[in-house]
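User: Can you walk me through this one? I'd like to hear about pockets and packing.

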Amino acid sequence: MGKRRHRRGNVISCVTNGGKTTLAKNLQKHLPNCSVISQDDFFKPESEIETDKNGFLQYDVLEALNMEKMMSAISCWMESARHSVVSTDQESAEEIPILIIEGFLLFNYKPLDTIWNRSYFLTIPYEECKRRRSTRVYQPPDSPGYFDGHVWPMYLKYRQEMQDITWEVVYLDGTKPEQDLFLQVYEDLIQELAKQKCKYCANKVDGRGETARKIIHYI
C-alpha cells in the first residue's frame with residue numbers, strides 16, 4: 001500500500017442495493033452536525049443516457065452522472081463548514097462538521113481522491129444483490145436481463161478498478177444486520193472524530209486554528 005496522503009474526509013462504498021443509503025441515514029441520525037450528499041441525486045436525464053448494443057441503458061457508469069455538479073455541491077458544503085465552526089477553548093468532537101457522501105461510483109472518480117479520510121466498502125454476493133434489486137422499483141424500470149447484462153458486469157469492472165486505490169479501505173459484510181453494520185462504522189467514526197479533535201487542538205496551540213472536517217462516502 002502506498003504512502004497515504006493527508007485527507008479531509010471518510011468514504012463508504014458498496015454495490016447497488018448493498019445498504020449504502022440505509023447506513024448513511026442511520027449515521028446521520030446519530031452523528032452530530034452531520035450532512036448527507038447522495039450520488040443518486042446527480043443522474044443525468046434519461047434522454048442523455050447512452051444505450052449499448054443490447055439496448056441496455058448505461059446507468060451504472062460515471063458518464064451517466066453529472067459529477068461536476070456533485071463536486072460543486074461538495075465544495076459548497078466544505079466552504080460552509082469552514083465558516084460555520086466557531087473556535088473556542090472548549091472545542092469538542094460534536095462541533096466538527098461531518099459530510100456523508102453516499103453513492104455507487106466514487107472510488108474511481110479521481111477528483112474525489114484527496115477528500116477521503118476513512119473509507120468503507122459494503123459487499124454482498126451476486127445472488128443477494130440480484131434478489132434485492134428485484135424488489136426495487138426503478139424509473140425507468142429494469143428491462144429483462146438488465147442486472148446480468150449491465151448492472152453486475154459494471155460492478156465487477158468497478159471492483160477491478162478499485163485495485164489501484166492506494167489508501168486503506170475497510171470492507172464490510174453487507175449481509176449483516178443493519179444495526180451491526182451501523183455500530184461497526186459508527187464506533188470507528190467516533191474514534192476518528194476524537195483524532196480530528198486532537199489535531200484541531202494541536203493546530204490551535206500552534207496558532208493555525210484550522211477547522212477539522214470529515215467526509216463519508218458510500219457506494
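Pocket and cores

Analyst: The largest pocket has a volume of about 760 Å³. A pocket here is an open set of points on a 1 Å grid over the protein atoms alone, where a 1.4 Å probe fits, with protein on both sides within 12 Å along at least five of seven lines. The volume is the space filled by probe spheres set on the points. This is a predicted model, where local features need pLDDT of at least 70 and side-chain atom pairs 80 or more, while totals for chains, interfaces and linings use all residues. Residues are numbered from 1 along each chain, and side-chain values use heavy atoms, without hydrogens and water.

User: Which residues are closest to the centre of the largest pocket?

Analyst: T16, N17, K20, R136 and Y138, out of 35 lining residues (an atom within 4 Å of a point).

User: Which element gives the most to that lining?

Analyst: α1, with 5 residues. Helices are DSSP runs of H or I, at least four residues, numbered from the N terminus.

User: And which residues are buried in α1?

Analyst: K20, L23, A24, N26 and L27, buried being under 20% relative accessible area with a 1.4 Å probe, protein chains only.

User: New topic: which residues touch the most other members in the largest nonpolar core?

Analyst: M67, M70, I74, F107, L112 and W116, in a core of 42 residues. Such a core joins buried Ala, Val, Leu, Ile, Met, Phe, Trp, Tyr and Cys through side-chain atoms within 4.5 Å. The largest share, 7 residues, comes from α2.

Notes
Helix = DSSP H or I, 4+ residues; strand = E, 2+ residues; numbered from the N terminus. Buried < 20%, exposed > 50% of the residue type's maximum accessible area, 1.4 Å probe, protein only.
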